[in-house]
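Open the model in your viewer and follow the stops in order. Each stop gives a selection and what to find there.

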Amino acid sequence: MVSPNGTNFFEQSDLSTPASVSPETMTQAPGQPSSDLPKLLAILPVELQQRLDQHPQRDKLVEVVLDLGRRPEARFPGKAEYLSDLPVSLEDIDHCLARISSFSGDNRAGIERTLHRISAIRNRSGDVIGLTCRVGRAIFGTIGMIRDLVETGQSILLLGRPGVGKTTALREIARVLADDLEKRVVIIDTSNEIAGDGDIPHPAIGRARRMQVARPELQHQVMIEAVENHMPEVIVIDEIGTELEALAARTIAERGVQLVGTAHGNQIANLIKNPTLSDLVGGIQSVTLGDDEARRRGSQKTVLERKAPPTFEIAVEMLERERWVVHENVADTVDQLLRGRQPNPQIRTVSEGGKVTITRELSRPEPESPPSRGGRAGWRSSGQMVPPPPQARREATREESYFEQLLNESLPPRSRLDQSLLEEGDRPERIPGPNGEELPLYIYPYAVSRQHLEQVIQTLNLPVVPTKDLDGADAILALRSHIKNHAKLRHLARSRHIPIHIIKSNTVPQIARGLRRMLNMDDPSNPEAVDLRLFTQKGSDDELDALEEARLAVEQIVLPKGQPVELLPRSAAVRKMQHELVEHYHLKSTSFGEEPNRRLRIYPA
């Protein structure tokens, strides 16, 4: 289904299920919060209790802030208001401290068997001079948007700003995994925020077990202890924040245990830039490319690449409570970001009725830089190439006559394709492509068969135009055996920031693959159907039948079953077409037998 703005989407029914989380009366419908708000209000001074009890938005209270010498403040979604005209005194703070548990090493405390969290602000002497009393709620059905991902058994990382609901979602995921999927779940609860304060965990986590942490700096040790001692199938961790915890998470994942955790950061890009936590998404390392690979990518020789498989296969960016961005393959997302490309993740939203809508928005092209050379737009102006300084361009023009001669040798006399070889001023207006480039793409062919190039462009209907003007070219398509012997052409290409795409041989499959790679259409993980017309000479039925026979043999026997196949006897010209088709699949083939029974044998990779 396609929305009016061009976004592909489809709907799913509500994936959440009502859950009974209390052995007594705690049964909630999906999306309904359960909180022990009266227990939190009971620790406050009487005047503040009365004010909040009568407040019309009492059930939406987020937190109460008490700072010494300042007016007490209540915070609600989108706004805050004062609860009293009198400033908070030490007696008010002591009144609260007497009714809560002791603070842990991270200055957090709680109320027995509730999810509320009280955090302290201390002065230099260690005395408490401020409190943040945050309301903890168990909201059931909150993971309806990603229930299908939770059931896959893959590790999931939740990202988002404070207060967006990461811990609430983590708590609900633990309950669903333990109760609905009947897995052995262990929660590493460093601050007692997931399962509440006290020795008895809150019923919101269901049958999941909870391990408390004596000091925050020991969280990584408790993570490893949980795996070694309690045989969990799932480990749930809140706030992975140190390098030791990231390494412990990788150790757990490598032992085959499903991980569900949260980390500081709004997006995956934040983790990539964070050296402490980058290991969660595979780690980043600097790699020096060879000359050929750097030219193929059109990049510098030193680039950043992912170091290892990500600890978490799936990442969820919680933008809002009802709108999450899902990266189903973190490895692919990180690779695209490191190469300067925009990933294309899922965007999941949930309606008030519980319907989950999954959309996949197209990446927006980068804003164009000011056009160069008299307003001409192209790949250089889209940000993929940078125009050289005028001085470098003047120095390079002295050798243009030599390469004009080389180009004339590689291009036969004018044919009907020469209608496309337009002068700079006659070029049609360009249109933006899907990756931000300007189309059509002007290429400078060097030692490439003109007949095959024309056949590929016309058969596949590619937005490509050959040009004899090196200055006006967006890229160079060259034959490997010729380009490696001409350092001057490589030097001119470097000075003009024009990438060189190399093909191994002057065959139709190689030229087609090179052009599709230039246009970012060559995706090995998503192969498209082969156009058999590319490999024919006359387009006769006999040629198409022979090519169809080879295609079916490769796609139905050689690739899926790994078995060699012999084809029917064909003429030498037709066998040559079949050889080229087999080469398109990166397979090997040989001709054997005596004429007129000579035929092809195709071998698995």
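Select Ile118 first: it stands opposite Cys133 in S10. This is a predicted model, in which local features need pLDDT of at least 70, side-chain atom pairs count only at pLDDT 80 or more, and totals for chains, interfaces and linings use all residues. Residues are numbered from 1 along each chain as its sequence is written, and side-chain values use heavy atoms, with hydrogens and water left out.

Now show strands S9 (residues 117–122) and S10 (residues 128–134), which run antiparallel and are joined by 6 bridges. Strands here are DSSP runs of E, at least two residues, and helices are runs of H or I, at least four, numbered from the N terminus. Two strands pair if DSSP finds at least two bridges between them.

Next, select Asp85 and Arg71. They form a salt bridge, with the closest N and O atoms 3.5 Å apart. The term means a side-chain nitrogen of Lys or Arg within 4 Å of a carboxyl oxygen of Asp or Glu. Asp85 is exposed at 67% relative accessible area; Arg71 is partly exposed at 37%. Buried means under 20%, exposed over 50%, partly exposed in between (1.4 Å probe, protein chains only).

Finish on helix H17 (residues 541–561), which holds Glu543. Glu543 is buried, at 6% relative accessibility.
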